[in-house]
Amino acid sequence: MSAVIGAVLVFAGGNDMADENIRDVIDDHPDVVGLPSNTSAADIKSLSGPIWDELVSDRAGSLAARAGFAIFTAVCVLVFTLCVRKNAATWARVLITISGVVALFPHILILGDYEPETVMAFSFVALLATLVAIVLCWLPPTNRYARERKAGPSAWPAS
C-alpha cells in the first residue's frame, strides 16, 4: 500500500516535484551531477531555460516510470496474497515470492537515488513490507497450515 501512496505522490507532483527534486540535488550535491561545488540550481536554470525544462521533464518521466512499476508489482503481490489467503497454496506463495523480489527493484533504485523525501519514506516502508511478506510465506506454521488444508478436514486437529 505504501508503494501505491508513494506512486500517487509522484503522479500528483508531476513536473513540480521533479523540478524541486533536481533543485535539491544540485543545491545539496552538485558534484553528483558533475558540477562545480559552488554551483546552484538557480545558476543552471538561468543559463539554460529550455534545457532546464527538458531536464525536469526527463526527471518527471523517470520518477513516473519507477512509480508505475512500483504500482504494478504492488498489485501483483496484493493479488497473489489474496489468492494465498484461503489455503496457502504453494503456487500462490511462489508467485508472491517472485513478484515480491521483482517489486524490490524499483524500491532499491529509489532508495539508492536522490528522490524526494516523501517518496523515499514510502518506498522504504514498501521495501520492508515486501520483505516481510516474502518471509511470512515460508515460515513453518504457514507450511503446516498449507499441508493441513491440502489434506482436508479429516487431518485438522480436534478443538
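**Overall form**

I started with the radius of gyration, taken over C-alpha atoms: the protein has 22 Å, while a compact globule of 159 residues would be near 15 Å (that rule is 2.2 Å times the number of residues to the power 0.38). I noted that this is a predicted model, where local features need pLDDT of at least 70 and side-chain atom pairs count only at pLDDT 80 or more, but totals for chains, interfaces and linings use all residues. I also noted that numbering runs from 1 along each chain as its sequence is written, and that side-chain values use heavy atoms, with hydrogens and water left out.

Next I checked the C-alpha trace, which spans about 75 × 25 × 20 Å along its principal axes. I found six helices and zero strands (DSSP runs numbered from the N terminus, helices being H or I of at least four residues and strands E of at least two). Buried residues come to 33% of the 159 (buried is under 20% relative accessible area, exposed over 50%, partly exposed in between, with a 1.4 Å probe and protein chains only).

**Helix α1**

How far apart are the end C-alpha atoms of α1? I got only 27 Å for its 27 residues (2-28), short of the 39 Å that a straight helix would reach at 1.5 Å a residue (the expected span is 1.5 Å times one less than the number of residues). I then looked for a bend and found one of about 95 degrees at G14 (the angle between axes fitted to the seven residues ending there and the seven starting there). The buried residues of α1 include A3, G6, A7 and V10, and also M17, A18, I22 and V25.

**The nonpolar patch**

Helix α4 gives the most, seven. I picked out I98, which lies in α4; I98 counts as partly exposed because its relative accessibility is 48%.

**One glycine in α3**

My last stop was G68, in helix α3. Buried or partly exposed? G68 counts as partly exposed, since its relative accessibility is 31%. G68 and V4 are 64 residues apart in sequence, and I found them 8.9 Å apart in space, C-alpha to C-alpha.
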